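Q: I have a model open and want to learn how to read it. Where do we begin?

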Amino acid sequence: MLLTIWLEIHIKLKSINKMFCQCPNEQNFDTLQANTNICPVCTAQPWALPTLSKEVLWKALLLWKALNCQINNPSQFDRKSYFYPDLPMWYQITQLYKPTNVNGKVQFFVDNEYSQERTVHIQDAHMESDTGKMIHTWWDALLDFNRAGTPLVEIVTLPDFTSADEVVEFLKELQRIVRYNDIADADLEKWQMRCDVNISVRAKESDSYGTRVEVKNMNSFAAIKRAIQYEYDRQSDLFNKWEKFDQQTRWRDDAKWESYLMRSKEDALDYRYFPEPDLPPLVLDNETLQQLNNETLEIPYQIIKKFKTEFWFHKEYINAIISDKEILDYFLDIYNHLTSSSQSSDIISKLIAKRISWPISAWTKENFKSINELNFSKQQFQKFLEINQESKILDNQLKAIMDEMLKTWKDPQDIIKDKWFDTPAIDQSELENIVKLILQENPDIVQQYKWGKTTTLWFFVWQVMKKTQWKSDPKIVGEMISKILG
Ligand SMILES: [Zn+2]
């Protein structure tokens, strides 16, 4: 069975104020007391009128650029009317007939190796104000309007996806786009990015699309993947049994690995859309368009492509650097600084990426810190890289220096002196003597080795390394020991 998917993604924009009023646009509602961020506009008091926030518009326009959209100028807002208690106005202000951002496209990589590319087309990316929240307790239904009127962009794709992997890689790229350019935080777990997935199956390419089913309520990439797989299996099964079903919306319960019918075609809501009478058509002046034209955005797909084709990074390096905007900026900052003093860009980029992917990334994760909170400064890291390039110091010594730098404020040069790394390398006979000494000191472990416990080799290698102040090559030491022990 062939799978066809398209997406409707709501992303909460980052801005100081809500979309149409002066209330703060809070990003994390969990820590906020209910109904504290409200005013006459976002709670729909009589005579209160909306005014579009310039910052929200600017964020939406940045997205226009990032998603390679065309622009409707003028565009307009529309009213989407329905009754639900969390909607104080009894309508949402959205864009249906003439959205600002239309006909875009996003390029991204679909595989772990960053070698296969895809393009997904965007029907539109329209602005929309969010609803409040209804909270059900055992005895009551409570209303919190803190979220009411906060700015969203809803991105609607064309049915370009044919697998769950494509969907997830696209969403990851979209998340990077909005994060890199400070448009949104887009944390799925905090519902700052919500993705409704439309799924249909058909037997072959020439058939028309099967009945579509919309699945809602997934808050992780893994949950989205599971929901698609479940729906694909469910629809394929019905198809094979020749069972017909209606167009419908289903509610995913990821914890139970199931989805439930929310509403079918018959009870689809009639939203009675019409142009929003309280807001004038949205006309963008030349100055705004010019400013937008001059704006340079960071597009993750292009950055990955550069890493891949110009720097020849393998996927571990790419993953470590693109995972976080702060890490990317850190990398670029040091890279630009070092290459401006005419160093070979290809080599230096690899040297930086190698240390970021290991052990720096691991350290930040283990210590719940950002890359800007390392114990060493960027200047100290640059000194380290210069020492690295001089290649007078062995790789395992460099590793020891970096480990020490992560723990202390010491300069790499001082660590070299402390550890005697600047004294001449050990020659073969001296190394052999040290190896023999270590073996003599540990007869029990030698016996264990001889009885077949070969992992004890690493114990000896480690002891020799320590004794030689990391001036010996672990591979050579290992070979030497296994030769002596036979
Ligand atoms: Zn308000």
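A: Begin with burial. A residue is buried if 20 or more other C-beta atoms lie within 10 Å of its own, exposed if 12 or fewer, and partly exposed in between; the C-beta atoms are placed from the backbone. Helices (H or I, at least four residues) and strands (E, at least two) are DSSP runs, numbered from the N terminus. This is a predicted model: local features need pLDDT of at least 70, side-chain atom pairs count only at pLDDT 80 or more, and totals for chains, interfaces and linings use all residues. Residues are numbered from 1 along each chain as its sequence is written.

Q: Which residues of α3 are buried?

A: They are I224, A227, I228, E231 and Q235. Down the axis of α3, these buried residues fall within an arc of 100°, so they line one face of the helix. The arc is that of the directions from the helix axis to the C-beta atoms. Here is the general idea. An α-helix has 3.6 residues a turn, so residues three or four places apart point the same way.

Q: What does the face of α3 turned away from the buried side carry?

A: That face carries the exposed residues A222, D233, D237 and N240.

Q: What covers the buried residues of α3?

A: The cover includes β1, α2, β10, β11 (213-216), β12 (248-253) and β13 (258-264). Contact has a cut-off: two residues touch if their C-beta atoms, placed from the backbone, lie within 7 Å.

Q: How do I check the span of α3?

A: Compare the expected and modelled spans. The expected span of a helix is 1.5 Å times one less than its number of residues. Helix α3 (residues 221-240) has 20 residues and should span 28 Å; its end C-alpha atoms are 29 Å apart, which agrees. Just after α3, W242 takes a positive phi of about 60°.

Q: Where else is phi positive in a residue other than glycine?

A: The general rule comes first. Most residues other than glycine have a negative phi, and most peptide bonds are trans. A44 has a phi near 60°. A44 sits in the loop between β1 (2-12) and α1 (54-66), and counts as partly exposed because it has 16 C-beta neighbours inside 10 Å. W191 also has a phi near 60°. W191 lies in the loop between α2 (164-180) and β10 (193-202). With 15 other C-beta atoms within 10 Å, W191 is partly exposed.

Q: Which peptide bonds are cis?

A: One runs from N73 to P74, with omega near 5°. P74 is in the loop between β2 (70-71) and β3 (78-81). Another runs from W358 to P359, with omega near 5°. P359 is in helix α8 (residues 345-366).

Q: How do I read paired strands?

A: Look for bridges. Two strands pair if DSSP finds at least two bridges between them. Strand β5 (residues 101-109) and strand β6 (residues 117-129) pair in the antiparallel sense over eight bridges. Across that pairing, V106 stands opposite V120 in β6. β6 also pairs with strand β9 (residues 151-157), antiparallel, over seven bridges. There, A125 has I155 in β9 as its bridge partner.
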